[in-house]
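Here is a short briefing to read with the structure open beside you.

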Amino acid sequence: IAFGPGDGGALFSHGVSYGQLGKFSRGVSHISRALEMEPQNGLYYYGRGRTYLLAGEKDRAMQDFRKAADLGDEDAQAYLAGAK
């Protein structure tokens, strides 16, 4: 990230990694920065939703899953279909 701070994909990947390590706040922060660069990227909303879910923030996760699904993310659509 130090060499490419404008790389949304790198920020997203780092955010997901932080989330998997239990560093939820840092993960959400990185993914949110990626979303500022690419606000129509459904995968990024889905990834942030997964991080929120891991952090126990189900309401925020569901908001991101719905946004991701609206943007065509198939994983989010499948998750929401199973959550009903």
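Contact here means heavy atoms within 4.5 Å. By that rule, and leaving aside neighbours within four places in sequence, Thr-51 is in contact with Gly-19, Phe-24, Val-28 and Ile-31. Please keep in mind that this is a predicted model, where local features need pLDDT of at least 70, side-chain atom pairs count only at pLDDT 80 or more, and totals for chains, interfaces and linings use all residues. Residues are numbered from 1 along each chain as its sequence is written, and side-chain values use heavy atoms, with hydrogens and water left out.

**Helix H3 against helix H4**

- Helices (H or I, at least four residues) are DSSP runs numbered from the N terminus, as are strands (E, at least two); H3 covers residues 42–54 and H4 covers residues 58–70.
- The axes of H3 and H4 cross at roughly 165 degrees and come within 8 Å; axes are lines fitted to C-alpha atoms, for helices over the stretch in contact, and angles run from 0 to 180 degrees between N-to-C directions.
- H3 is therefore roughly antiparallel to H4 (angles over 145 degrees count as roughly antiparallel, under 35 as roughly parallel, 65 to 115 as roughly perpendicular and the rest as oblique).
- On the H3 side, the contact is made by Gly-42, Tyr-45, Tyr-46, Arg-48, Gly-49, Arg-50, Tyr-52 and Leu-53, and on the H4 side by Lys-58, Arg-60, Ala-61, Asp-64, Phe-65, Lys-67 and Ala-68.
- Sorted by class, this contact of H3 with H4 has seven nonpolar, two polar and six charged residues; Ala, Val, Leu, Ile, Met, Phe, Trp, Tyr, Cys and Pro count as nonpolar, Asp, Glu, Lys and Arg as charged, and the others, Gly among them, as polar.

**Helix H4 against helix H5**

- H5 spans residues 74–83, and it packs with H4 at an angle of about 125 degrees, the axes lying 8 Å apart.
- H4 and H5 are therefore oblique to each other.
- From H4, the contact draws on Met-62, Phe-65, Arg-66, Ala-68 and Ala-69, and from H5 on Ala-76, Gln-77, Tyr-79, Leu-80 and Ala-83.
- The residues in the contact of H4 with H5 are eight nonpolar, one polar and one charged.

**Buried residues**

- Thr-51 sits in helix H3 and counts as buried at 3% relative accessibility (buried means under 20% relative accessible area, exposed over 50% and partly exposed in between, with a 1.4 Å probe and protein chains only).
- A polar atom of the Thr-51 side chain lies 3.0 Å from the backbone oxygen of Gly-47.
- Asn-41 is in the loop between helix H2 (24–37) and H3, and is buried with a relative accessible area of 19%.
- The Asn-41 side chain has a polar atom 3.0 Å from the backbone nitrogen of Leu-43.
- Not counting residues up to four places away in sequence, Asn-41 touches Leu-35 and Leu-71.

**Exposed and partly exposed residues**

- Asp-59, in helix H4, is exposed, with a relative accessible area of 64%.
- Tyr-79 belongs to helix H5 and is partly exposed, at a relative accessible area of 25%.
- Beyond its neighbours within four places in sequence, Tyr-79 is in contact with Leu-53, Met-62 and Phe-65.

Key. Polar contact = N/O pair within 3.5 Å; in protein donor to acceptor, adjacent residues only side chain to side chain.
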